[in-house]
Amino acid sequence: MGFPVVYHPNYVTPIPEEHRFPMPKFKLLYEMLLRDDVIRPEQVYEPEFPEMDWLELVHNRDYIDAYRNGTLEKKAQRRIGLPWSQGVVTRTLTAIGGTVTTAKLALEHGLACNTAGGTHHAFPNYGSGFCILNDLAIAAKTVRHLGLAKKILIIDLDVHQGDGTAFIFQDEPDVFTFSMHCEINFPSKKQQSDFDIPLPAGLDDDGYLQILATHLDDLLSEVKPDLVFFDAGVDTHVGDRLGKLAMTDRGIYRRDRMVLSACHAAGYPVACVIGGGYAKNIDELVYRHSLLHRAANDIF
């Protein structure tokens, strides 16, 4: 039947067309995957809606309530960088549920891919960088809370450091955070992951993949996770507006295949989210996000 894929129409909600956040990409990605026969309809699962208890495993109740009710102060809202609307609230919660569902399906099937997710800049009491609530952290804590997994590895290959995720798990030995990111990119103040690899601006495919290959197998064998979360951001691409690295489509495919192959070969379930991507050409951007699912299809 193929690997499980998680999608919901609520992953897209109206925001101003000129906004830098490419909201249409989630629906367009889903449609491309079906059109190109990367997935079939029977592989698609709808996300479960997250319970408040799951959100509170990571985030302060006052912050959650203020955001959901639209009463967050303007400075905090500007830091998030997305306009507030009830549609954005619903979209945020649906995508979080999608990552939790993806994690559960990965534990059952060995691999699952969300068609959204990767909000790794959200901290317990504030949002940042288009990230309102931290889906990776919520999903990791939820599967641990439910007794479905104990040891978690988060592999974050978005071009920006997963600073919120690193902060949230800084004192949790059973969740290992690994971030490989552009050194001079957002956020200006980095947090300390369990293992950080800052990369120089302009790094190309060969340089990037050599660094990743040097560390990936050792990382898996040392952590021995019950579940891996993989943030496959495509803002590492040379054409990304917010990137500063120089990867190509082929390099991103090779990266994703390397991660998924290593996890599969070692027997570690992997739950994937698509992470960031901000190219001006939406069709090119959607194709780059699809490389994760194409790599998953080729392996599984």
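The structure holds 13 salt bridges, where a salt bridge is a side-chain nitrogen of Lys or Arg within 4 Å of a carboxyl oxygen of Asp or Glu. Before I go through some of them, please keep in mind that this is a predicted model, in which local features need pLDDT of at least 70 and side-chain atom pairs count only at pLDDT 80 or more, while totals for chains, interfaces and linings use all residues. Residues are numbered from 1 along each chain as its sequence is written, and side-chain values use heavy atoms, with hydrogens and water left out.

Let me start with helix 3, which spans 61-69; helices here are DSSP runs of H or I with at least four residues, strands are runs of E with at least two, and both are numbered from the N terminus. D65 forms a salt bridge with R61, and the closest N and O atoms are 3.1 Å apart. Both residues lie in helix 3, four residues apart, about one turn of the helix. As for exposure, I use buried for under 20% relative accessible area, exposed for over 50%, and partly exposed for what falls in between, with a 1.4 Å probe and protein chains only. D65 counts as partly exposed because its relative accessibility is 27%, and R61 counts as partly exposed because its value is 39%.

A second pair is R144 and D174, whose side chains meet in a salt bridge at 3.8 Å, N to O. This pair links distant parts of the chain, since R144 sits in helix 6 (residues 135-145) and D174 in the loop between helix 7 and strand 5, 30 residues apart. R144 is partly exposed because its relative accessible area is 27%, and D174 is partly exposed because its relative accessible area is 24%. R144 and D174 also belong to a network of salt bridges that links them with K141 and E172.

Now to strand 4, residues 152-156, which is mostly covered, with five of its five residues buried. I152, I154 and D156 point one way from the strand, whereas L153 and I155 point the other way.

Which strands pair with strand 4? Two strands pair if DSSP finds at least two bridges between them. Strand 4 is joined by five bridges to strand 5 (residues 175-182), and these two run parallel; in strand 5, the bridge partner of D156 is S179. From strand 4 the chain crosses through helix 7 (residues 163-168) to strand 5, and this β-α-β crossover is right-handed, by which I mean that, with the strands pointing away from the viewer, the path from the first strand over the helix to the second runs clockwise. Strand 4 is also joined by five bridges to strand 7 (residues 227-231), again in parallel, and there the bridge partner of I152 is L227.

That brings me to the cavities, of which the structure holds two of 30 Å³ or more. On a 1 Å grid over the protein atoms alone, a cavity is a set of points where a 1.4 Å probe fits but cannot get out, and its lining residues have an atom within 4 Å of a point; grid points are joined across faces, edges and corners, and a volume is the space filled by probe spheres set on the points.

The largest cavity has about 40 Å³ of space, and its lining includes I154, D156 and S179. Strand 4, helix 7 and strand 5 each supply at least two residues of this lining, and strand 5 gives the most, with three residues.

The second largest cavity has about 30 Å³ of space and is lined by Y67, R68, V89, T92, L93 and L133. Helix 3, where D65 and R61 also lie, supplies at least two residues of this lining, as does helix 5 (86-109), although the largest share, three residues, comes from helix 5.

Key
1 Å grid on protein atoms, 1.4 Å probe; cavity = no way out; pocket = protein on both sides within 12 Å on 5 of 7 lines; lining within 4 Å.
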